[in-house]
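Here is a short report on strand pairing, core packing and a chain contact. Please read it alongside the model.

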Amino acid sequence: MSLSTDDVKRIARLARIETSDAEAQATQTQLNSIFDLIATMQAVDTRGVAPMAHAQEVYQRLRDDVATESDHRAAFQAIAPAVDNGLYLVPKVID
Amino acid sequence: MSATTLSALAAQLKAKQVSSRELAQQYLDRIAALNPALNAFITVDASKTLAEAAAADALIAAGQAGPLTGVPIAHKDIFCTDGWLTTCGSKMLHNFIAPYDAHVIQQFKAAGMPSLGKTNMDEFAMGSSNETSYFGAVKNPWNPAYVPGGSSGGAAACVAARMAPAATGTDTGGSIRQPAALCGITGLKPTYGLVSRYGMIAFASSLDQAGPMAPSAEDCALLLNVMTGFDPNDSTCLEREKEDYTRDLNQPLTGLRVGLPKEFFAEGLNNEVAAAVEAAVTELKKLGATTVEISLANSKLAIPVYYVLAPAEASSNLSRFDGVRYGYRAPEYGNLDDMYCKTRAQGFGAEVKRRILIGAYVLSHGYYDAYYLQAQKIRRLIAEDFNAAFKTCDVILGPTAPGTAFKLGEKSDDPVEMYLNDLYTIPANLAGLPGMSLPCGFDGKGLPIGLQLVGDYFSEAKMLNVAHQYQRVTDWHSRQPEGLL
């Protein structure tokens, strides 16, 4: 398998990372060598093997439906790039 | 620095031979002298450290000291630390002052251990050489032309250079064990789920685990007693009784069955590393251990499996960095989408972007079964190999890394070559097993060699016992780099 620069640009678009044509070309070579390494696992016969998502077979715990946190809005907004009147500011999305 | 073991430092504090403030100041002085050359710390804040040390002195004076109260420690810059810059080695978080403490930080604060600062690391813990840090590479204290390993490279270097008596690290594919090996210290990655991941900036959540890094196994046992414990804020943290990891340190090794995986002593292993590891096996036999050959037949697939699963999880975890709520935002942008794309293009380094792209690709429509699902199935085969092996042995032994430290820049242009460094460490992460690295010699260039132990689930006390008994009859772990100060 081999990725084209268009593939790289498409994935970068999915990942919301701006990528120039020159960057996509450089990245393409490196990603292809990594996918060559990954391809070695394709030959393994895994029929009947259950996928392992996690090291421990644990189930999500449920807790009582009570408030456990106090109000941290001021502390959290103090480190944001742009806030106003308790709101996070981003470019306008609805005209 | 005369005494450097944690138990010796704690004894001096209890006997009032030294105060926590004096001790912290000694280490701060050493950091100030050595950090310009080694770059092991990203953030040092003497006034915060000394205030924490004064609080520890008050606890000692009031007779309320715990086993390590007053002993300072350095924290990897992946742990959110209230009021401290917490960068994760990235431009994306170069201005992020954490508004809360990670559970690991809470545990060390509760134990009365002052923080000496935040240590340098590969960006978002993605790297094996510490060269991907936005804040520049860390230098290996044994030879500053060489890498310290990664991603906990600052932690390993600061302990090796005795800029801190101990440090915290995290290990997703070897990030505690490989730098411990390359810097000649002891480091342990616990069983997955023993240490809370709350407030530990996520890379690959099903693999990430925090652990201790220090000169000796005894030190690591004392630190593990502090770090472990149930935390409801991490849904994968295990509800278990607290253990005393020092309890078996002094047990004899008579009858210990050491499993030697033939795949870990095959092609690709440096001769000097192989000889040092084999010499360590001979020492363990003198202490009463026996050896048994085992096979981890699927371990050769660990790297391809890891480079599907870890990037897949990373691409999801790192989607939170969007320039809205914290961290870096691009100075110029058009619409909201453009703001995301420019912020992420400028805020992430090359290796982090590569892994996000791999992850986005393997999870994308049409490729999920061939990559992600296939990798998860082989992950089970790798874990089952270990389960079978532990029917015939008590602990698995091999090299930590295929070679010793390499030169700065030597592998930084070739991602695949860099990834091969974690050949022997990744299998334990995939299975969720505990693993540790301890020093077992030096190569002809004077660079440290690391020995790896992998244990069955929850067998940390046994592994620490083996390592401690080995360290009683050898002195590799107490050697220090010359010519630093």
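B:Leu397 stands opposite B:Leu453, a residue of strand S11 (residues 448-455) of chain B. This pair belongs to a predicted model. S11(B) is joined to strand S9 (residues 395-399) of chain B by 5 bridges, and the two strands run antiparallel. S9(B) also pairs with strand S7 (residues 257-261) of chain B, this time through 2 bridges and in parallel. There, B:Gly259 has B:Ile396 of S9(B) as its bridge partner.

| Strands | Bridges | Direction |
|---|---|---|
| S7(B) and S9(B) | 2 bridges | parallel |
| S9(B) and S11(B) | 5 bridges | antiparallel |

Is S9(B) buried or exposed? Of its 5 residues, 5 are buried, so the strand is largely enclosed by the rest of the structure.

**Nonpolar core**

The largest nonpolar core holds 173 residues. Seven names stand out for touching the most other members: B:Ala156, B:Cys158, B:Val159, B:Ala164, B:Met213, B:Val305 and B:Val308. Helix H9 (residues 302-317) of chain B supplies the largest share of this core, 10 residues.

B:Val159 shows the packing in detail. Leaving out residues up to four places away in sequence, B:Val159 touches B:Ala164, B:Ala166, B:Ala167, B:Ile185, B:Met213, B:Ala214 and B:Pro215.

**Contact between the chains**

Chain A puts 42 residues into the contact, and chain B puts in 53 residues. On the chain A side, helix H1 (5-14), helix H2 (21-38) and helix H3 (73-77) are the elements that give two or more residues. H2(A) gives the most, with 7 residues. By class, this side of chain A has 27 nonpolar, 11 polar and 4 charged residues.

One helix pair crosses between the chains. How is such a pair described? Two packed helices are characterised by the angle between their axes and by the distance between those axes. H1(A) packs on helix H11 (residues 350-362) of chain B at an angle of about 95°, and their axes are 9 Å apart. Angles of 65 to 115 degrees count as roughly perpendicular. H1(A) and H11(B) are therefore roughly perpendicular to each other.

Which residues make this contact? H1(A) brings A:Ile11, A:Ala12 and A:Leu14, while H11(B) brings B:Leu357, B:Ala360 and B:Tyr361. These residues divide into 6 nonpolar, no polar and no charged.

Notes
Residues numbered from 1 in each chain as written. Chains lettered and ligands numbered in written order. Predicted model: local features only at pLDDT ≥ 70, side-chain atom pairs only at ≥ 80, totals over all residues. Contact = placed C-beta atoms within 7 Å. Helix = DSSP H or I, 4+ residues; strand = E, 2+ residues; numbered from the N terminus. Nonpolar A, V, L, I, M, F, W, Y, C, P; charged D, E, K, R; others polar. Axes fitted to C-alpha atoms, helices over the stretch in contact; angles between N-to-C directions. Parallel < 35°, antiparallel > 145°, perpendicular 65-115°, else oblique. Buried ≥ 20, exposed ≤ 12 C-beta atoms within 10 Å, placed from the backbone. Pairing = 2+ DSSP bridges. Core = buried A, V, L, I, M, F, W, Y, C linked by C-beta atoms within 7 Å.
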